[in-house]
Amino acid sequence: MSLGSAPPDRSRRLARYARAAAVGFEFVGTVAAGALVGIYGDRRLETHPWLSIAGVVLGTIGGLYRMVQVQRFFQRQDEDRQD
């Protein structure tokens, strides 16, 4: 084992942490994007707070959808590695 390589079990653990971080960032980013679009729309159209609320709700729905997609992608990768 060289100095720069991690043991296999540690590498798998780090990969799981990275996957969890990817799912979290994907969800938070989608919700934040929806909120920002809603806030921008409220300021432009003077509809405060309705478009902000709609943006957060739609961002949350989109974030949940993306979270499921990313989880399925990771699951398929795991299944391919086992084969």
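Colleague: Phe-73 is given as partly exposed, with a relative accessible area of 41%. How is Phe-74 classed, buried or exposed?

Modeller: This is a predicted model, and every value below is computed from it. A relative accessible area under 20% counts as buried, over 50% as exposed, and anything in between as partly exposed. Phe-74 is buried, because its relative accessible area is 14%, while the 41% of Phe-73 makes that residue partly exposed.

Colleague: How many aromatic pairs are counted, and what is the arrangement of the rings of Phe-73 and Phe-74?

Modeller: The count comes to 1 aromatic pair. The ring centres of Phe-73 and Phe-74 lie 5.8 Å apart with their planes at 55°, so the pair is classed as tilted; the class follows because planes under 30 degrees apart would be stacked and those over 60 edge-to-face.

Colleague: Stepping back to the whole chain, what does the secondary structure come to, and what radius of gyration does the protein have?

Modeller: The secondary structure consists of 2 helices and 0 strands. The radius of gyration is 19 Å, whereas a compact globule of 83 residues would be near 12 Å. The C-alpha trace, taken along its principal axes, spans about 65 × 30 × 10 Å. Buried residues account for 17% of the 83 residues, and the protein exposes about 6,700 Å², of which carbon and sulfur atoms supply 63%.

Colleague: What span should helix 2 have, and how far apart are its end C-alpha atoms?

Modeller: Helix 2 covers residues 50-82, and at 1.5 Å a residue these 33 residues should span 48 Å; the end C-alpha atoms are 48 Å apart, which agrees with the expectation.

Colleague: Which residues of helix 2 are buried, and what do they pack against?

Modeller: The buried residues of helix 2 are Ser-52, Gly-55, Gly-59, Gly-63, Val-70 and Phe-74, and they pack against helix 1, residues 8-45. In the protein as a whole, among contacts between residues at least 6 apart in sequence, 57% join residues at least 24 apart.

Colleague: Which residues does Ser-52 touch, leaving out those up to four places away in sequence?

Modeller: Ser-52, which lies in helix 2, touches Gly-38, Ile-39 and Asp-42 once those sequence neighbours are set aside. With a relative accessible area of 15%, Ser-52 is buried. Gly-34, a residue of helix 1, counts as buried at 15% relative accessibility. By the contact criterion, Gly-34 touches Gly-55, Val-56 and Gly-59, not counting residues up to four places away. The C-alpha atoms of Gly-34 and Val-56 are 5.3 Å apart in space, although these residues are 22 apart in sequence.

Colleague: Where is Arg-19 found, and with which side chain does the side chain of Arg-19 make a polar contact?

Modeller: Arg-19 is found in helix 1, and it is buried, with a relative accessible area of 16%. The side chain of Arg-19 makes a polar contact at 2.9 Å with that of Asp-78. Beyond its neighbours within four places in sequence, the contacts of Arg-19 are Phe-74, Gln-77, Asp-78 and Arg-81, and Phe-74 is the buried residue with which we began.

Colleague: Which residues is Glu-26 in contact with, leaving aside neighbours within four places in sequence?

Modeller: Glu-26, placed in helix 1, is in contact with Arg-66 and Val-70. The side chains of Glu-26 and Arg-66 make a polar contact at 2.9 Å. Glu-26 counts as partly exposed, because its relative accessibility is 27%.

Colleague: Turning to the backbone, where is Glu-46, and what is the value of its phi?

Modeller: Glu-46 lies in the loop between helix 1 and helix 2, and its phi is near 55°, a positive value in a residue other than glycine. Glu-46 is exposed, with a relative accessible area of 72%.

Colleague: Is the peptide bond from His-48 to Pro-49 cis or trans?

Modeller: The peptide bond from His-48 to Pro-49 is cis, with omega near 0°, and Pro-49 is placed in the loop between helix 1 and helix 2.

Conventions
Residues are numbered from 1 along each chain as its sequence is written. This is a predicted model: local features need pLDDT of at least 70, side-chain atom pairs count only at pLDDT 80 or more; totals for chains, interfaces and linings use all residues. Side-chain values use heavy atoms; hydrogens and water are left out. Helices (H or I, at least four residues) and strands (E, at least two) are DSSP runs, numbered from the N terminus. The expected span of a helix is 1.5 Å times one less than its number of residues. Buried means under 20% relative accessible area, exposed over 50%, partly exposed in between (1.4 Å probe, protein chains only). Contact means heavy atoms within 4.5 Å. A polar contact is a pair of N or O atoms within 3.5 Å; within protein, one must be able to donate a hydrogen and the other to accept it, and residues adjacent in sequence count only if both atoms are side-chain atoms. The radius of gyration is taken over C-alpha atoms; the globule rule is 2.2 Å times the number of residues to the power 0.38. Accessible areas come from the Shrake-Rupley method with a 1.4 Å probe; for residues, only the protein chains shown count as cover. Rings of Phe, Tyr and Trp (its six-membered ring) pair if their centres lie within 6.5 Å; planes under 30 degrees apart count as stacked, over 60 as edge-to-face and the rest as tilted.
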